[in-house]
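Subject: Structure handover

Hello,

Here is the structure I promised to pass on. Please open it alongside this note. My findings follow below.

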Amino acid sequence: MPVDPTAKIALVRHGETDWNLAGRIQGRTDIALNDTGRAQAAETGRLLASHGSWTGLVSSPLGRAVETAEIIGSTIDRTAPAIDEGIWERNFGLAEGMHFADADARWPGLRGIPESEPLEDMSERGAAALLRLLETAPGSVVVSHGALIRWSLSRIAGSPLPRVLNGEIWMLSLDHESGAAPRVKRFAAPGPVRDRRPTPLRD
């Protein structure tokens, strides 16, 4: 059944980068997509195009998200994405560029990293931005980052969600008539997606 976008936004994690592949923490370091990431973005666009009409395109300011959004936009017939700083990635401070395992050993759970944005602050910021977009730009495809999507949706849903893969799509919906809380649902993970070990906070 086609997706009715009028009370939904589709949340997409950007495609893979070389730092994703190497297991390095990116945060706000601006790393470009690799060829696998571009293929993931194209497949994500095809999946979205086959499940309804999308009325808007929004991206984090970081280049890997913008390029993902542009590739998706070429498939769903949207123009250049609007940039929203509310949905850019967590600043991981001194952990950016480190391998996840090394950073997690030094700062368990990636908490308390010097010069970083606290996880709670990021999830509050992201949740507010996503709920705002759901109200003001329903029907949009929103391209962001793994930590931002995972922990912001966890805050909205009231329970922890699994790690979000590169190119994966989640839906955030709201039924105004029922008055129910916003609904969070995993929609699709397009291929090619590399088989990497699940980790709690590497994004």
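Start with Ala103. Setting aside neighbours within four places in sequence, Ala103 is in contact with Ile25, Ala95, Met98 and Leu110. Contact means heavy atoms within 4.5 Å.

Some ground rules. This is a predicted model, where local features need pLDDT of at least 70 and side-chain atom pairs count only at pLDDT 80 or more, while totals for chains, interfaces and linings use all residues. Residues are numbered from 1 along each chain as its sequence is written, and side-chain values use heavy atoms, with hydrogens and water left out.

Back to Ala103. This residue sits in helix α4. Helices (H or I, at least four residues) and strands (E, at least two) are DSSP runs, numbered from the N terminus. Ala103 is buried, with a relative accessible area of 0%. Buried means under 20% relative accessible area, exposed over 50%, and partly exposed in between (1.4 Å probe, protein chains only). Gly37 is 66 residues away from Ala103 along the chain, and their C-alpha atoms are separated by 24 Å.

Next, the loop between α4 (100-106) and α5 (119-136). Leu110 lies there. Its phi is near 55°, a positive value in a residue other than glycine. Leu110 is buried, at a relative accessible area of 0%. Glu115 is found in the loop between α4 and α5 too. Phi of Glu115 is near 65°, again positive in a residue other than glycine. Glu115, however, is exposed, with a relative accessible area of 64%.

Now the sheet. Six strands form an open sheet with mixed pairing, in the order β3-β2-β4-β1-β5-β6. At its edges are β3 (82-83) and β6 (183-188), each pairing on one side only. Two strands pair if DSSP finds at least two bridges between them. Strand β2 (residues 56-59) runs parallel to β3, and two bridges join them. Look at Val58: its bridge partner in β3 is Ala82.

Helix α3 (residues 63-76) lies across β1 (8-13), β2, β3 and β4 (140-144). It runs at about 155° to β4. Helix α6 (residues 146-157) lies across β1, β4, β5 (169-173) and β6. Helix α6 runs at about 140° to β1. For these angles, axes are lines fitted to C-alpha atoms, for helices over the stretch in contact, and angles run from 0 to 180 degrees between N-to-C directions.

Over to you.

Best wishes
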